[in-house]
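Me: I would like to learn how to read a few features of a protein structure, one at a time. Could you take me through them slowly, with the general idea before the case?

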Amino acid sequence: MLSAAPSTAPGRASGPEAGRRAGPALLALVALLLALAPGCARRGADDALPDPPAVPGGAYTVALTEPDHLTPGRTTSSYALQVIQGLFDPPVTLDPADGHAVPLAAESLTSDDQRVWTLRVRPGGAFHNGEAVTARSFATAWNAAAYGPNGWGSNGYFSQIDGYDALNPADGAQPPTRELAGLEVVDDTTLRVTLTAPFSQFPMLLAFPAFAPLPSAAFTDPAGYDRHPVGNGPYAMDGDWRHNQRIDLRRAAGYAGPRPPMADQVHFRIFTSKDTAFTELRAGHVDFMASVPAARAYEAKRTFGRRYSVRPSGTMDYLGLPLWDQRYAKPELRRALSMAIDRRGITRAIFNEVFAPADSLVAAMIPGHRAGACGDTCAYRPAAAKELFDRAGGFTGTLELYFANSDPTYEQWMTAVANELKQNLGIHDIVFRKMSGADLGPILNGRKATGPYRQNWVVDYPSVQNYLAGLLGRDNRTGWSNPAFDDALARGNAAATPAESIAHYHDAEDIALAELPLIPLWNWQDQTAWSSRIGNVLVDPYVAGLHLERVTVRH
Amino acid sequence: MGRYIARRLLYAIPVLLATTFLIHTMVFVLPGDPIQGLAGDRPVPPAVLAELHERYHLDDPLFARYFAYLGGLLTGDLGSTFTGEPVADTLAGRWQVTLRLGLTAWCLETVLGVGLGVWAALRKGRWADNTVLAGTTLVIAVPVYIVGYLAQLILGVRLGWFPVSGTEGGWPTAYLLPALVLASFGVAYVARLTRASLLENLRADYVRTAGAKGLRRHRIVLRHTLRNSLIPVVTFLGVELGSLMAGAVVTEYIFNLPGIGQQVFQAIQLREGPTVVGITTLLVLVFCLANLVVDVLYGLLDPRIRHE
């Protein structure tokens, strides 16, 4: 039905007189198109323009992809978080320099044993509708997100708070209660949080927008609130969210928190196509774009000069291995697979050097990342790989590679990996299992994959622990488990100081790298570009996207 | 004629039932789990998964789901998207965009296409004719997304004659460029169809007779030749009205127009059953109506074709 579109069908017969004496006119048209084609003539770069002065006021426009929800607990989409980050102050935020937790809506967050935490609410905080931000505003928001039957997207982030299991019965039954046992509202400004186990990284977790407080209006009309969220942040909604078109924010009148905004207004224009958004940025109708398509990297660098930036994000790609399949059981074989992959070559050929080869299980911007932690295992050493491969007894049968079809680059790099395994290790029988994300998810979660698969991890909070626990913790997809690894993680979680906990996490990472259930491939980097109208652009790897409140506007 | 139209409208009912059932089956038989697909590489907690499956009836058997959908349809309930919005509401916001785009494109096709076709036919073999032939060949040969991106870059960004994307310019400003791109293939096709059909009829005996009895040239062309030459063109333009609505997927994507083409593209990616079925039903209705109008027009253009 939908393919019946004639305007897109390529091979339809043209009229009987097609092409007769069409030569000269055709040539003229092609010449005209070429003359006008973009890229042939360079636009004058306005790199020489100084940054806009740091005066408050003005408005700027950010390109965005349609979010799913604007209520903090209902979403984990980075597009939604970019907006929510302007509308809400979560309890803490992360320092842009090194990712450590800094109080925001909270005045302080303390614990003696890493298990019982006391959150003191910053006095005088208010929502945009005047309602005061109290300890209860946090408790009701967290309870709603943790309550399974609400089906909120951030539900899993609350799993470490005592009482989570009661709100999420495994058999899908109705929970006996609607409140987390681990949350206790002591008074208006004090919230006591009890976790199921000590967790030293808890303050970082609280920077995630799902932990922001919600006013009572969020529960009287949830659908209306999702279109017009009332937050406690530097910006307030300016009219409703116009789905697929725009979201407008304006300076929140009574905001007295720690991040007063510079610009008066922020407009988000919603695009389906990133290419179209980039075109609008080039046309000067959009001021900021957080994710320039990788294919436009060279063009962006040429057009935007110093107003184009590439920096490592927290996202990593891995090749996961099905350890329940005996053929993948030997760590030597897994290391051989890893050494046969030319990470630098692939990031250069397929990602225009926008991605960086991985040398550790965690992304480069994470405090505690050790350059070269993976050592020779992640270096491209085809000869050593072949030797190790043969020593491990080689590989029999078909090697199946699993990946989703959501992005064409997945197939491109999987093809490159397959070719390298063929050439360097002599595995000739390789087939692709390419399918939709909806199909692949259940296969991987059910441990039904019979070959290596694409595993991606988007970091929740900048801690080595987040990668290790998320990827290789309880019930992970690879089927790998190691008590020494679990112990090291638990010791890190219970440690009193950050330095001490990182040392334990490093022990855990070393164990995982030695056994290699998961082969690190590359670290994603965010490409951003912005117009000469705005300045003080801080794209923070730790918090979603652009720091809206810091941007200054030429006006 | 009235009975004919009534009968044709009744035919639309089984067609609608069959298409909705077919689409339901196709969405249903796809393996996998759309909710897990939404979450990417992060497992969804089992309690949340169970809740969302129940909310969107993902575990119901095919017939139960289909009849529940039909029941909902009778009360105007088209189901809801995975973000919990009623499909009827999202369609209400979007159909106007697609309709404006489709009708603008359709008008361009009719006026430009027929105009160019007649112009070329009357100047057969001269430069005007050759230019039309070359231009239409080029347009038919180039895929619509290339035409779209080029038009956007040249006419939108470099020359600044049109808005680059979005609907904020309102109708007709914001719709002209995308409609032109959407119509490009159709304009070329209609021009060729008109030209060929007109040339054939201009050679007919009755045209010579009309000329011999002294009728003026433009009267011969407009009253006697063009009218019946337009039958294949009307057939094409009729079906085209439906196709333009469905074919807007690419154009709406490039020009960032929040219409139903863009929505069906997203819904298929997310495997949002109710949205896909809802939009498809709407498109089938448009196709049925367009076909009916075409058949009625036949009788008006050529009295030899009658409907009983």
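Me: Through how many residues does a hairpin join S6(A) to S7(A)?

Reply: Before the count, note that this is a predicted model, in which local features need pLDDT of at least 70 and side-chain atom pairs count only at pLDDT 80 or more, while totals for chains, interfaces and linings use all residues. Residues are numbered from 1 along each chain as its sequence is written, chains are lettered from A and ligands numbered from 1 in the order in which they are written, and side-chain values use heavy atoms, with hydrogens and water left out. Strands of a sheet pair through backbone hydrogen bonds, either parallel or antiparallel. Helices (H or I, at least four residues) and strands (E, at least two) are DSSP runs numbered from the N terminus, and two strands pair if DSSP finds at least two bridges between them. Here the hairpin joins S6(A) to S7(A) through 2 residues, and 4 bridges join S6(A) to strand S7 (residues 190-194) of chain A, the two running antiparallel. Asp187(A) stands opposite Thr190(A) in S7(A), and Glu184(A) has Arg192(A) as its bridge partner in S7(A).

Me: In what order do the strands of the open sheet in chain A follow one another, and which helix lies across S5, S6 and S7 of chain A?

Reply: The 4 strands follow the order S4-S5-S7-S6 (chain A), with antiparallel pairing. The edge strands, each pairing on one side only, are S4 (106-111) and S6 (183-187) of chain A. For angles, axes are lines fitted to C-alpha atoms, for helices over the stretch in contact (heavy atoms within 4.5 Å), and angles run from 0 to 180 degrees between N-to-C directions. With direction ignored, neighbouring strands of this sheet are turned by 20 degrees against each other on average. Helix H3 (residues 135-146) of chain A lies across S5 (116-121), S6 and S7 of chain A, and runs at about 165 degrees to S6(A).

Me: How far apart do the C-alpha centres of domain 1 and domain 2 of chain A lie?

Reply: Domain bounds come from an automatic or database domain assignment, which gives domain 1 (10-14 + 316-526) and domain 2 (88-207) of chain A. Their C-alpha centres lie 32 Å apart. Buried area is the accessible area (1.4 Å probe) that two parts lose on being put together, summed over both, and these domains bury about 910 Å² between them, 59% of it on carbon and sulfur atoms. Tyr461(A), Pro462(A) and Asn493(A) supply 49% of the area that domain 1 of chain A buries against domain 2 of chain A, more than any other three residues.
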